[in-house]
Amino acid sequence: MILTVQTDRFSENAKILAIGIKTYSSIKTWNSWEYASEEEMLSDFINYFLSKDDKIIIGFNVMKFDIPLLLLKSVNLQTFSGFFKKINFSNIVDLFMILTFTEKGEIKGLNCYLEKYKIPSAVSDREMLKLYERKEYRKFEDAFERKLQSIDELFLRLWKKVKVDDRDVF
């Protein structure tokens with residue numbers, strides 16, 4: 001499953017604007033404007049997440065931002081221990097870490113890698129925030145779903161570069 005979180009800033013105090021998951025067959029999002037509180041949105045997301053059998057989580061910068069933020073924000077929820085356990089038993093593929101390693105430590109954002117691999121660019125976080133602030137929720141949702149699809153396409157492009165028979169990775 002592809003996982004991404006959209007926030008209003010890049011910090012532990014960030015407000016979660018949306019959470020998204022892409023599986024082989026569907027995209028599911030949780031949008032803050034559809035819930036009375038962030039806690040309610042997180043609870044709904046976690047219940048869905050726990051109901052799925054997926055054991056692989058794929059994302060861009062999920063190890064350093066998305067997952068820690070979701071854990072911090074959900075620590076007081078009744079479902080926290082189940083969520084924590086499932087996260088810890090999952091295999092996590094962080095494309096940011098892989099690409100930083102293959103680029104010899106050079107740190108780049110998602111859109112730089114999308115451009116490099118000729119994948120249609122995702123809307124920048126700054127633009128996503130502007131859409132949210134202007135309450136252009138339909139455009140926000142479309143852009144957020146494109147971001148999930150772009151992360152998935154980036155993963156697939158990287159996966160094709162792995163030579164299983166020769167045991168060469170990248």
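Tutor: Two strands are said to pair if DSSP finds at least two bridges between them, and strands (E, at least two residues) are, like helices (H or I, at least four residues), DSSP runs numbered from the N terminus. This is a predicted model, in which local features need pLDDT of at least 70 and side-chain atom pairs count only at pLDDT 80 or more, while totals for chains, interfaces and linings use all residues. Residues are numbered from 1 along each chain as its sequence is written, and side-chain values use heavy atoms, with hydrogens and water left out.

Student: Which residue in strand 3 does glycine 20 stand opposite?

Tutor: Strand 2 and strand 3 (residues 27–31) run antiparallel and are joined by 5 bridges, and they form a hairpin with 4 residues between them. Within this pairing, the residue of strand 3 that stands opposite glycine 20 is threonine 29.

Student: How many residues of strand 2 are buried?

Tutor: Buried means under 20% relative accessible area, exposed means over 50%, and partly exposed lies in between (1.4 Å probe, protein chains only). Strand 2 is also joined to strand 1 by 6 bridges, the two running antiparallel, with valine 5 opposite isoleucine 19. Strand 2 is mostly covered, and of its 7 residues the number buried is 7.

Student: Which residues touch the most other members of the largest nonpolar core?

Tutor: A nonpolar core is a set of buried Ala, Val, Leu, Ile, Met, Phe, Trp, Tyr and Cys residues joined through side-chain atoms within 4.5 Å. In soluble globular proteins, nonpolar side chains tend to be buried together. Here the largest core has 26 residues, and the members that touch the most others are Ile19, Phe45 and Leu70.

Student: Which side chain of opposite charge is nearest to aspartate 94, and how far away is it?

Tutor: Lys and Arg count as positive and Asp and Glu as negative, while His and the chain ends are not counted. A salt bridge needs a side-chain nitrogen of Lys or Arg within 4 Å of a carboxyl oxygen of Asp or Glu. Aspartate 94, in strand 5 (residues 91–94), is buried yet has no salt bridge, and the nearest such side chain is lysine 64, at 7.9 Å.

Student: How many residues apart in sequence are the parts tied together by aspartate 125 and lysine 147?

Tutor: These two form a salt bridge, with the closest N and O atoms 3.4 Å apart. Aspartate 125 lies in helix 6 (residues 125–133) and lysine 147 in helix 7 (residues 137–161), so the separation in sequence is 22 residues.
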